[in-house]
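Hello,

Here is the structure I said I would pass on to you. Please open it beside this message and look up each residue as you read.

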Amino acid sequence: MNDPLINKPEYLFNFGYLNLDKLQRLQQKPEPFTPGEPLFWNDPHIAQQMLAVHLNQNTDLASRRQETIDATVSWLVDYLQLKIGQTVLDLGCGPGLYATRLAQQGLVVTGVDYSQNSIEYATCAAQEQGLPITYRYQDYLTITDTAQYDLALLIYGDYCPLNPEQRSQLLQNVLRALKPGGHFVLDVTTRAGRAKWGQKNGWYVVETGFWKPGPHLVLEEGFDYPEQDIYLDQTTVIEADGKLSVYRNWFQDFNQRSITSELTRGGLRVESLWNDLQGTPFNEGGDWIGVVAQKPF
């Protein structure tokens, strides 16, 4: 039986501007951390879609579900013995899901994110709830805060998409921002988790979707660099007029040795490792590593 879509000329013409040579080149492995579209989280359409995913309680794609966030904040407050009035820097705060709960515990919270849309949402939510949270639209690789915080957070694998130079810069910024004895808490992905999540390879066409408001073709492909513990999710989007955009999400996976070594080189002391940020004891083979590190006194 013939596929009616293939036999409809107008369907082919809609996507008749395909640059097959460029598409073929995009199927080749790029060098690790080669960038794609710059600052795409501030694209007006993508930003709205991303915020909706952050707030969606049916998925963990952008933020973890409410019960997990609640459990994480409860564990952090208990484990670190956080007290009312202590200061927290929430890096990559998104729409303020952790910052809100930490402020409700009486902590003084500053949230930093490079999505204008998320910062505006978080600011409005804090005002509506009467929570004195400071939100800043800023790339956390550029922060210069000095000895201000008892705790800095970078939650849900936000450390992993950074290239080595960016991670080094981030650790310098965190070390500077923390008070002596302050803690840095983050979680990172592992190769064990990567194996479970699988490697993308597929395509679909939509009238409107996450990446674009109009009709577009989406090509998804994953590239694995096992010798470097690096993985790339690459999404190529082709609009009806032939415009092609390439979005790249890189991930540096870690193990116990590599994350401990990297944070130590950054001037932090790794205090404890966990299989999550809810207090699950650490065992090799978990999907995540939760890390509690400390700035020396």
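**Charges over rings**

Lysine 29 lies over the face of tyrosine 225, with a distance of 4.6 Å to the ring centre. Please keep in mind, here and throughout, that this is a predicted model. A second case of this kind involves arginine 194, which is placed over the face of phenylalanine 251 at 4.8 Å from the ring centre.

**Aromatic pairs**

The count of aromatic pairs comes to 14. In one of them, the ring centres of tyrosine 114 and tyrosine 137 are 5.5 Å apart and the planes stand at 35°, so this pair is classed as tilted. The two residues belong to distant parts of the chain, since tyrosine 114 sits in the loop between β2 (108-113) and α6 (116-129), while tyrosine 137 is in strand β3 (residues 134-137), 23 residues apart. Tyrosine 114 has a relative accessible area of 36% and is partly exposed, and tyrosine 137, at 37% relative accessibility, also counts as partly exposed. Elsewhere, one aromatic cluster is formed by Phe40, Trp41, Phe210, Trp211 and Tyr247.

**Salt bridges**

Side chains of opposite charge can pair when their charged atoms come close. How many salt bridges does a search of the whole structure find? The search gives 13, and I will take you through three of them.

In one, arginine 136 pairs with aspartate 145, and the closest N and O atoms are 2.9 Å apart. Are these partners buried or exposed, or something in between? Arginine 136 counts as partly exposed because its relative accessibility is 22%, whereas aspartate 145 counts as buried because its value is 7%, and buried means under 20%.

In another, the side chains of lysine 179 and aspartate 150 meet with an N to O distance of 3.4 Å. This pair links distant parts of the chain, as lysine 179 is in strand β5 (residues 178-189) and aspartate 150 is in strand β4 (residues 149-154), 29 residues apart. Lysine 179 is partly exposed at 29% relative accessibility, while aspartate 150, at 19%, counts as buried.

The side chains of aspartate 224 and arginine 191 also meet in a salt bridge, with 2.6 Å from N to O. Through salt bridges that share partners, Arg191, Arg194, Asp224, Asp229 and Asp253 are joined into one network.

**A sheet of four strands**

Strand β7 belongs to an open sheet of four strands, in which the order is β6-β7-β8-β9 and the pairing is antiparallel. Why is one side of β6 (201-206) and of β9 (244-252) left without a neighbour in the sheet? These two strands stand at the edges and each has a single partner strand, so one side of each has no neighbour there. Neighbouring strands of this sheet are turned against each other by 15° on average, with direction ignored. If you follow strand β8 (residues 230-239), you will see that nine bridges join β8 to β9, and that the two run antiparallel. Glutamine 234 stands opposite arginine 248 in β9.

**A covered helix**

Helix α5 (residues 97-104) is mostly covered, with seven of its eight residues buried. The buried residues are Leu97, Tyr98, Ala99, Thr100, Arg101, Leu102 and Ala103. After α5 comes glycine 106, which has a positive phi, near 90°.

For cysteine 93, the nearest cysteine sulfur is that of cysteine 124, 13 Å away, and a disulfide needs two cysteine sulfur atoms within 2.5 Å. Cysteine 93 is buried, at 5% relative accessibility. Cysteine 160 is likewise in no disulfide, its nearest cysteine sulfur being that of cysteine 93 at 18 Å, and cysteine 160 counts as buried at 1% relative accessibility.

With best wishes

Conventions. Residues numbered from 1 in each chain as written. Predicted model: local features only at pLDDT ≥ 70, side-chain atom pairs only at ≥ 80, totals over all residues. Heavy atoms only, no water. Salt bridge = Lys/Arg side-chain N within 4 Å of Asp/Glu carboxyl O. Buried < 20%, exposed > 50% of the residue type's maximum accessible area, 1.4 Å probe, protein only. Pairing = 2+ DSSP bridges. Axes fitted to C-alpha atoms, helices over the stretch in contact; angles between N-to-C directions. Phe/Tyr/Trp six-rings, centres within 6.5 Å; stacked < 30°, edge-to-face > 60°. Lys NZ or Arg CZ within 6 Å of the ring centre and 35° of its normal.
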